[in-house]
Amino acid sequence: MVSLSAIELALSSAAASPPTPSRSMAAVAMVLAGEPQALELCFILRATREGDRWSGQMAFPGGRAEHDDPTARAVAVRETHEELGLPLHGAKVLGSLPPISLRPMGGAIGVLAPFAFYAGRQRPPLHPSEAEVADAYWIPLAHLWDPSNSQTVDWDFRGQPLRFSGIRFREQVIWGLTYRVLTEWAALLGRPLPHGSAKPTMVDPSTSTPADQSRPRG
């Protein structure tokens, strides 16, 4: 499985330039912990809230920038503490991924800056904020790369059925934006995820199988 040293090397080679904090920018923390050869990654299950595009989904801790956040990394650190009571000021900063355009169905709405941290050999306790987080987990990296954990999510967008690749974890599925971040990270590591592309496929409802993406439905 991917080691701590391999992650550091891959992120240093990425030479990502984090964006300047703004209200159209969000940042997430990819917090790793455990033995360097057997790492686990922190995920949250977002609370169900009206008006939240990613309500009820698996995610990394993080959120939108505030006017007094000095850097994009500071956004990830602040949000992680607010959501999980997890301080990252003493954690080792492993690096950052190139910014990812936030493009949910309907057009671009901003940019996401993912940062990676190593919190040490002992997993720190997680204390989810009830207002924002329904649950929190440490998931072994081996689980994320295991093809037997592949799952798909069907989602209807304005009458168009779409199918997304994802990773099953207990009763939840990591898909959508968080799966996209994982896909980008896996590519940097030279270890592509075995579960499929982060891009959705159109679904033919008459067969319940993925249809050719070039065939629009209207």
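Between which two strands does the loop that holds arginine 158 lie?

Modeller: This is a predicted model, in which local features need pLDDT of at least 70 and side-chain atom pairs count only at pLDDT 80 or more, while totals for chains, interfaces and linings use all residues. Residues are numbered from 1 along each chain as its sequence is written, and side-chain values use heavy atoms, with hydrogens and water left out.

Arginine 158 lies in the loop between strand S9 (150-157) and strand S10 (160-169). Strands (E, at least two residues) and helices (H or I, at least four) are DSSP runs, numbered from the N terminus. The phi of arginine 158 is positive, near 50 degrees, although the residue is not glycine. Most residues other than glycine have a negative phi. Arginine 158 is also exposed, with a relative accessible area of 73%. Exposed means over 50% relative accessible area, buried under 20%, and partly exposed in between, with a 1.4 Å probe and protein chains only.

S10 leads on to another such residue. Arginine 170 sits in the loop between S10 and strand S11 (172-174). Its phi is positive too, about 55 degrees, and arginine 170 counts as exposed at 59% relative accessibility.

Among the buried residues of H4 are Leu182, Trp185 and Leu189. Glycine 190 follows H4, and its phi is positive, near 75 degrees.

Leu182 and Trp185 are among the residues that touch the most other members of the largest nonpolar core, which has 38 residues. A nonpolar core is a set of buried Ala, Val, Leu, Ile, Met, Phe, Trp, Tyr and Cys residues joined through side-chain atoms within 4.5 Å. H4 gives the most to this core, with seven residues. Leucine 182 touches residues including Met30, Phe60 and Ile174, where residues up to four places away in sequence are not counted and contact means heavy atoms within 4.5 Å. Ile174 belongs to the S11 stretch (172-174).

For the chain as a whole, the secondary structure comes to four helices and 13 strands. Of its 218 residues, 48% count as buried.
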